[in-house]
Amino acid sequence: MKRLVALLTLVIGFAFAQAPAYPENTVGVGFGIGRGLMVQGSLGLPFSPLGIDTGLDLEVIVPTSFDNVEVWALFKANLLPALTLADLSLSAGLGVDLSFNTVGSVFGFHLGPIASLEIPGGAISGYVGLGIEGGFNLAYGLGGRLYLDPVALEVGLSDRYPFKIALLYLW
C-alpha cells in the first residue's frame with residue numbers, strides 16, 4: 001500500500017500544472033486546497049520584441065473568508081519555442097512574477113526560468129523563481145494541463161497553494 005501511495009503521489013506530482021511557457025489566451029476558475037476560490041486568466045501580449053513571444057498570466061486567490069486576497073501576475077518571454085525532447089515539443093523561457101497579499105500588504109517579486117513540455121493531449125509545465133517576498137524567497141510551480149478544446153483541465157501545485165484544480169476556457 002505504501003508503494004502504491006508513493007507511486008500515485010509521484011504520478012500526480014508530474015501531472016500538476018503551472019502556466020505553460022508559451023503564451024495562451026485563457027480564462028477560468030479554480031479551487032486551491034487551503035486557499036479557496038481563484039479566478040485566473042492568461043493573455044498572449046500583442047508585442048514581440050526581437051520576435052520573442054510574450055504573455056501575461058493573472059491569478060486572484062479569494063479565500064472563503066475574503067480577508068486574505070492574493071493577486072499574482074507572471075510576465076513570460078518564450079525564448080526557446082522550438083526545442084524537442086524525445087519527439088515532444090519543448091518551450092523554455094524566462095518568467096517574472098509579481099504578487100501582492102492583503103494580509104500584511106506583502107509584495108513579492110521573482111525571476112527565473114519557465115518551461116513546458118507538450119505531451120499528447122496536454123502539457124507539463126514548471127517554473128522556479130528566486131526573489132523577495134517578505135525576505136529572500138523561492139517561488140515554484142509544477143504541473144500539467146489536459147486540453148479538451150475549447151476547455152482545459154488544470155491541476156497544479158505551487159508556493160501559493162499545495163494543490164489546485166481549475167477549468168479554463170481557451171480562445
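Biologist: What kind of barrel is formed by the strands?
Modeller: The barrel is closed, has 10 strands in the order 1-2-3-4-5-6-7-8-9-10, and is paired antiparallel. Strands are DSSP runs of E, at least two residues long, numbered from the N terminus, and two strands pair if DSSP finds at least two bridges between them.

Biologist: Before going on, what should I know about the model?
Modeller: Residues are numbered from 1 along each chain as its sequence is written. This is a predicted model in which local features need pLDDT of at least 70 and side-chain atom pairs count only at pLDDT 80 or more, while totals for chains, interfaces and linings use all residues, and side-chain values use heavy atoms, without hydrogens and water.

Biologist: Which strands pair with strand 1?
Modeller: Strand 1 pairs antiparallel with strand 2 over 7 bridges, and with strand 10 over 7 bridges. Phe31 has Leu37 of strand 2 as its bridge partner, and Val27 stands opposite Tyr169 in strand 10.

Biologist: Where is Ile33, and why does it count as partly exposed?
Modeller: Ile33 lies in the loop between strand 1 (26-32) and strand 2 (36-44). Ile33 counts as partly exposed because its relative accessibility is 45%.

Definitions and conventions: Helices (H or I, at least four residues) and strands (E, at least two) are DSSP runs, numbered from the N terminus. Buried means under 20% relative accessible area, exposed over 50%, partly exposed in between (1.4 Å probe, protein chains only).
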